[in-house]
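Please look at the structure before reading on.

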Amino acid sequence: MGLTIREMLNAEFFKDFKLIAGSKGLDKQIQGIAILDAPDGFKWTRGREFVITSGYVFCKCPGVFEEYIKTDIFREISGMGIKVDRYLKSIPAHIIDMFNEYNIPLINIPLAPSWMDIMNQLNVLVMNKNIRQFRIGNVNPKNFSNLSYQVRKINKILSQIEGEMNFPAMLYDLSNETAYYSSPTFIEWMDDLKIEDFWNPTIEVTKEVLCDNLKMIRYRFHDDKYEKPYSWIIVPITVGDTIKAYFVVVEATGLIDYFDQFALRIGFLLLQSLYEQIAVAQSIGDIGFEKFIGEIISGNLSDDEMISKRAIDLGLDINSNYYLLLMRQEKEGYHLANYKDKLKEAINSSISYIDARMAMIDDDGCIFLLPADHRISIEENLKLIEASARIFKKRIESKVENTNIVVGISDNESTIYEIKRNYIRCEQTIKIGQILYPNEDYLKYSDLGVFAWLDVKEDELGIMTKDINVLLKNPEYKELVETLKVYLECKMNYSLTAKQLFIHINTVRKRIEEINDLINFDLEDPMNRLKLEILLKLIK
């Protein structure tokens, strides 16, 4: 990046700075400023600086100028500016010849500008140049879930950083555990380092703070296989109090020059801004989408035309089909609504690639609207959703202790106009599915079969259980109830029941005889058996 001598002289502030020699070196890059006003001051320049001086040192120490232009250090500078009219009045011809020979611009600086003004103006020029190089658009809140937009912008910024600085860069997104690279060079330069080593080094390193406010740090370590220390620069991308990503530039055995650090800062600020825009857009989208879902479920939004208009405003494709998934936290005393940020993080790291939209519907439940991918079959869609949902559930349960999450899906794709119907199906899936499949935590509406139509009225269970109340109400008969359940599930086979319960077959016979004596129920009647089996499943 940097700034060329030509670009500097073309700026308004520098219009009265006159070129004396070295016109062929006008495209040399300035990477810093050095002030030379001591006889041996040139020894501490590192190259690519614009060296400025009042000329006092050359006036009082006549041999210093000649000594300086004969050194290798002189040939490394980008240019020199002298306030000729202050002390020297003129530059000897043989010195001008040396500047021309080595194509190093020599510039006459007017008397008026202060050193601070020159430095500030160069900083402004570099900053403005960097800003022009790194133009990206804004994030559209309606399309916040389109992560390909975010990825494109990240890739563009990273590639521009490497293009301008010639150092490869990486952004590591913590929420989806994904690394984005400016080019394959970054991976090549990583050597034996693991990605986590960049922000949490497991090797012995030195630490140099380049910018305290940005928490920009340079890490360096020494290894015999390198002639110079190996280094990288890292900056955390933070939204609120949460680190969302790490921005890393690998220097390897080189070092980023002063003005190139401006490009680094601009790249960081653009990435930071992108993440903040995404966060705001997500917040706007979340609020709008939750309101949209809430109104549909409550029945306040039922007109197809209004649903269509609201959906378009939220960036939903009204011509696409969707799957609806309901997740509920069943453990008392813990509310999912208190962990909304963790839910979002889990979404980014598990189901973001299928563009899931989430809406909290109450303290313990949230809905996911997932677009059907018509490039693959229905079965593949459902497998993908189930795998992602299980990863999501696992991540939530690892982030939020003592939770018991159950997922229900209406596993038929349909339009956004069917959201309420599919929500009701999801609620029924969880309610009845937990009875039919008590050991399952991912339940599908289609797996309920005809039980999906069951409407279990808790206050009427007493009426339905009148014939077996003698078993249910007496704790002493708990063993008989369990035996009866398994006996019916095993199609009244004594041998299978005994194996299932790990008891002797005669014990099963004796228990069934006792049950027949206690209840007024004909187990030989197929309809009676069906009713009793369903009833026992409904009773927890």
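The paragraphs below go from the whole chain to single side chains.

This is a predicted model, in which local features need pLDDT of at least 70 and side-chain atom pairs count only at pLDDT 80 or more, while totals for chains, interfaces and linings use all residues. Residues are numbered from 1 along each chain as its sequence is written, and side-chain values use heavy atoms, with hydrogens and water left out.

The protein has 19 helices and 18 strands, counted as DSSP runs (H or I of at least four residues for helices, E of at least two for strands). Along the principal axes, its C-alpha atoms fill a box of roughly 125 × 60 × 40 Å. The radius of gyration is 37 Å, whereas a compact globule of 540 residues would have one near 24 Å; the value is taken over C-alpha atoms, and the globule rule is 2.2 Å times the number of residues to the power 0.38.

Of the 540 residues, 47% count as buried. Buried means under 20% relative accessible area, exposed over 50%, and partly exposed in between, with a 1.4 Å probe and protein chains only.

Aromatic rings of Phe, Tyr and Trp (its six-membered ring) pair if their centres lie within 6.5 Å; planes under 30 degrees apart count as stacked, over 60 as edge-to-face and the rest as tilted. By this rule there are 22 aromatic pairs. One of them joins F13 and F14 edge-to-face, with 4.9 Å centre to centre and 80° between the planes. F13 is partly exposed at 29% relative accessibility, but F14 is buried at 1%. Elsewhere, F42, F58, F65, Y68, F74, F99 and Y102 form one aromatic cluster.
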